[in-house]
Structure formats: structure tokens, C-alpha cells
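Hello,

Here is the structure I promised you. Please open it and read my notes beside it.

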Amino acid sequence: MSISAEQRRRRILEIVQEQGSVRVMELAEGLGVAPVTARRDVALLAEQGLLQHGYGLASWPEQTPAYLPVPLDQARPGANAPGEHRTLGMLVPSATYYYAEVVRGAQAAAAAAGARLVLGITGYRPTEDAAQVARLLETGVDGLLLTPSWDPDGPSSAQSADFADLDLPCVLVERRAAPLTAAAAGWDRVCSDHAYGAFLAIRHLVSLGHRRIALAAHLSPAGSGVRSGYLAALDAVDLGEPVVDVIDTYSLETNPAGFDKAADRLIAAVREHGVTAALIHNDVDAIMLIQRLRTVGVRVPDDLSVIAYDDEVAAFGDTPLSAVKPPKREVGQAAVELLLERVNQRRAAGAVLSPRRHLDLLPHLTVRESSRALADVASNVDRSSI
């Protein structure tokens, strides 16, 4: 009798835990599957941190994984019971850049639980949200992961109404419904805490001696969190009001006039307002703005320390950029696990739903070459002549 992918992976974990280290070929033979299947299973489990994988061996980690099911013969929260199958719909504005990592995390968690993930991609078009959800419902999904193309500060009343009648488990992903609304009360949520990410950046710059710190950020849901965190961080470290107003950033590709205006404002912030450091959302804009700054003699980090927000490509700038990285993959994984738990509770006769959860996962700051102590900048620099 064949076993499900979830049962097979669970058996691999049991064997490796018992033996400490096992050749992948031996796992394939013992499970009666093709070597390529065993390699894929081991690679997936290693990607999730449950195993170590290398040189044809699957090894048990030196430290027990934090989310390993104990004991192994019990399904972890959200996992399917034997013979059951789940299909999860995932509404995302894009499957590239930021959301590519969220989708990969969701897919890894779904595959580990034997569930199928189906995408609906809106291209950041709010009018497409309802149409894509309707298409996902037609495929017979058991639950929905929702990242609607809402306004930067949250959904309007009309946007919230698009999903008011959904009669199946839903989890918001990297989105926050307006407080004290039916959506906020009725749906679970998993998000990156972008405000905390901005705080990490400002705290690091302040530790380097910077006091005149600017923010350049997109008008987006993530950018909205970065903006609120930036203002809160300035207050928390007693820097008072921003030296310059928040600079709205735009992609050079899609809005060259907006990009030029942002670059001019950042140059003026350095020359006219004595700004010595900046947090820029996102990576691509940070790299492009730094290139523009260089053409007028503003050097990073000699004249301006920079921290980028997203850490997708920050390490690949001419000067590798210090960057805040939201936990995108972990957000996708946690959202799937939470949604599967809700789906299973809904299917269980007489099951009592646990309280709704709003999970905020914390970003991480990686320090590279673009942020420098203020004391390392020449004190006799005439910033007006940069």
C-alpha cells in the first residue's frame, strides 16, 4: 500500500532521528521509492531546518529543530490526517521580488503537510482581487491565504466588503485589516512587523552616532509600516521630529519623474539639512538612488550612511548595503500552518475554534559596508558643496 508524501517524510525524520545519519540511497530503498523522490524529500526537509543534507547523506541536526513534531508519530498542528487532502488558495499581488519568498515558504509548509497550494496573482490591481478569489473558490479550495491589493494604510470599506461573505477559513498574509472591523475580528493574520524593522535600522544608525536621519519609502503596505516605525523610533531615541519630511520613493522604471524628485529631495537633505544617514525602502530604489547621489558627489558611506529595507538584492550593490530583512519565508510557512489548523478544526465534528491569532514576526538587520560611524566622516566636510 502506498503512503502519502507527508507520511513518507515523517518516516524519513523517524529513521534519521534513530540512526543519526543515513545515506539517501538507503532511505529510498527502505521506503520503496525512486532515489530522486527520496532526494527531493530530504532536500525539502533540510530547507525547513528539520534535517541536514550533504554528500548523499541525511543527518540529524545537532540541535533539535524548534518546530519538530514531538513525538514524531503524532501529526504536528495543522498537518493532515492520513488519507486526507487539502487544497489551499493563495491570493498574492505578485509572485516575484518580495512575494516570491513568501510563496516559497507557503509552498514548503503545504508540501510538508501533503497539501496543494494554488496561486491567484492580481498584479497589484485592486479590481482583480475579487475575480481571483472567485477563481480560487471554483477550484474547491478548503481555505484562503489573502494578500489583497489594498490601499497602503489598509482597506477601504468597499475593499473590505469584497471578502465579507467568504464562508471558509481565511488568513491575511502581510496585510492588516482596519482595527475594530469584522475582517480584523474574524480573520487570522500573519505579518512581518515592518515598524520594528524600521526601529532596528534607526537604533543601529543612532549607535553609530547619527542624529540627522532621513527616510525614503514607497507608498505601500510595507512602506506604511516602515514609516510609522521610523517616526516611533525617532521618538523612542529622543531625536524628536524628522529633520526632513519622509521622502516618497518611486521605481525609476515605472515612474521616472517620481524617482527624480525623490533623488533631488535626498540630495537636498544631505546638502541643506545636514542629513548623515538614511533608511531607504526598498533595495532596488536604494541602489538606484545611491547611483544618482554619486553623480553629484555624495558618496556612500563616506558622506551618507544607508540602510536598505527588504534585503532582496542589497548585498549586490557596488557598496554592499546594510539591510533589514522581513521574515518573508517564515511568514508564508506560519500562514499555511495556521490556515491548515483552521481547516482541520472546521472539518472536525464539534471542534471548538481556538481564539483568532494576529502574528507579527520580527525582521532582522544585517550590517554591511554602507553604514559607518559618524566619527569616521571628516568633520571639515562642507556639505553644502558636495
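Six strands make an open, mixed sheet, in the order β10-β9-β11-β12-β13-β15. Strands here are DSSP runs of E, at least two residues, and helices are runs of H or I, at least four; both are numbered from the N terminus. Two strands pair if DSSP finds at least two bridges between them. β10 (247–248) and β15 (364–366) are the edges. Each has a single partner strand, so one side of each lacks a neighbour in the sheet.

This is a predicted model: local features need pLDDT of at least 70, side-chain atom pairs need 80 or more, and totals for chains, interfaces and linings use all residues. Residues are numbered from 1 along each chain as its sequence is written, and side-chain values use heavy atoms, without hydrogens and water.

Now look at β9 (residues 213–217) and β11 (residues 277–281). They pair in the parallel sense over five bridges. A217 has H281 in β11 as its bridge partner.

Helix α9 (residues 221–236) packs on the sheet and touches β9, β10, β11 and β12. Contact means heavy atoms within 4.5 Å.

Next, find S370, in the segment after β15. Is S370 buried or exposed? S370 is buried, because its relative accessibility is 0%. (Buried means under 20% relative accessible area, exposed over 50%, partly exposed in between, with a 1.4 Å probe and protein chains only.) The S370 side chain reaches the backbone oxygen of V306 at 2.5 Å. A polar atom of that side chain lies 2.8 Å from the backbone nitrogen of S322.

Best wishes

Note on methods: Axes fitted to C-alpha atoms, helices over the stretch in contact; angles between N-to-C directions. Polar contact = N/O pair within 3.5 Å; in protein donor to acceptor, adjacent residues only side chain to side chain.
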